[in-house]
Amino acid sequence: MTTLYIGGFTPPDGRAEGIARVLLNDETGALQHVCTYGGMASPSWLTPSEDKKTIFCVHETREYEGQPGGSVGVRTFEGAFSLKQRDIKPTLGANPCHIALSPDGRLLAVSNYFGGNLAVYERLAQGADTPCGKGISSEILSAPSVHQHHGHGINPDRQQAPHVHSVTFTPDGRHALAVDLGTDAVVAYRVEQAAPYLTAVEATRMPAGTGPRTLRFDTHRNLCYILTELSSEILVYTLDAQGIPAVLKSRHSMLPEGCTTPNTGAEMHISADGRFLYASNRGLNTIVTFRIEENGALTQLAQTPCGGRTPRHFAVSPDGAWLVTACQDGDTVACFAVNKSDGMLTEVSRLTLPSPTYILFAE
């Protein structure tokens, strides 16, 4: 059995009660809800420490302790049914929606969607103001350093201000790439050793109105793929010598040809062997499967119903055998068997779970 942790929106934004613990049967794909760790507000995104003993989670709210902004929590496991809060810090920006851990395990970057900024924390050893690196258990975060974005896009409803949706560190850990839906840009920051931890160095502009949401590196081809929320596309970019998106190479719709269904793109995953790319459609409510060609271009292979409504997030098991979706408005979590030879998905089970937003494989 494999353990999953599933984040969600709590009232008033949803009906989740906290972080759910779910078991996945490795033989059949059946899902079983074990318990829910409650007492927290909208843990919508989860990121584990390297040893999997600590979970960092954003609390996606507009206000924290009477001040504008959300918060980020640090929680550790105490037995199978206890998830104890060790630390919580303000994000100094409303609606934090994403967490990224630097490759060396030293820094935590939180994206504040409505705040239009990112907050960066250094992980500290318990009870001491000393950095905590890879492989060392940490329970405390430094005070945040905030990096504010400015500007807007051409969409008057969705791009009236900056909206930082995610941060991705380059594989070498020297830069952090902040994906800004509101300004159609990926802002590259150089990673520093001391606060404020990041220095902005350049910005790559996306096609106007596309609304970039998340980024994945293709280490097999030295490219990156950027999923756009507003235009429901995958943009393929070459990388410069620093690993920063440089030139738009190709763009690919996540929708079937001729589709007019209102839709927004959400999540993306590249298979471990670099042959397939999966992405989720909210509106069409599908997982689209692409084959990645040798030159990095994408060929759409299939649209698979996601098992519910509004697939905000999905994740693939470490062995690549299962894909699990979090269908936010359908109150369902669905499991699909992955055919590793052709990339196709087959639904094998569903679980009713209120307002799920994030899937984390614990092993």
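Reply: Asp26, Glu27, Asp319 and Glu363 form a negative surface patch. The model is predicted. Take Asp319, one of the patch residues. Asp319 sits in the loop between β27 (311-316) and β28 (322-327).

Next, backbone geometry in other loops. Most residues other than glycine have a negative phi, and most peptide bonds are trans. Asp184 is not a glycine, yet has a positive phi of about 55°. Asp184 belongs to the loop between β16 and β17. Its relative accessibility is 4%; the cut-off for buried is under 20%, so Asp184 counts as buried. Asn285, also not a glycine, has a positive phi of about 60°. The loop between β24 (276-282) and β25 (286-292) holds Asn285. With 17% relative accessibility, Asn285 counts as buried.

Now the cis peptide bonds. One joins Pro11 and Pro12, with omega about 10°. Pro12 is in the loop between β1 (2-8) and β2 (19-24). Another joins Ala195 and Pro196, again with omega about 10°. Pro196 falls in the loop between β17 (185-191) and β18 (198-205).

Last, a hairpin. Strand β15 (residues 164-169) pairs with β16 (residues 175-180) in the antiparallel sense, over five bridges. Phe169 stands opposite Ala176 in β16. Five residues separate the two strands of the hairpin, and Gly173 in the turn has a positive phi of about 75°. β15 is mostly covered: six of its six residues are buried.

Notes
Residues numbered from 1 in each chain as written. Predicted model: local features only at pLDDT ≥ 70, side-chain atom pairs only at ≥ 80, totals over all residues. Heavy atoms only, no water. Buried < 20%, exposed > 50% of the residue type's maximum accessible area, 1.4 Å probe, protein only. Helix = DSSP H or I, 4+ residues; strand = E, 2+ residues; numbered from the N terminus. Pairing = 2+ DSSP bridges. Patch = residues over 30% accessible without salt bridge, like charges linked within 9 Å, V, L, I, M, F, W, Y side chains within 5 Å. Areas by Shrake-Rupley, 256 points an atom, 1.4 Å probe, with all protein chains shown as cover. Salt bridge = Lys/Arg side-chain N within 4 Å of Asp/Glu carboxyl O. Lys, Arg positive; Asp, Glu negative; His and termini not counted. Charge placed at Lys NZ, Arg CZ, Asp CG, Glu CD.
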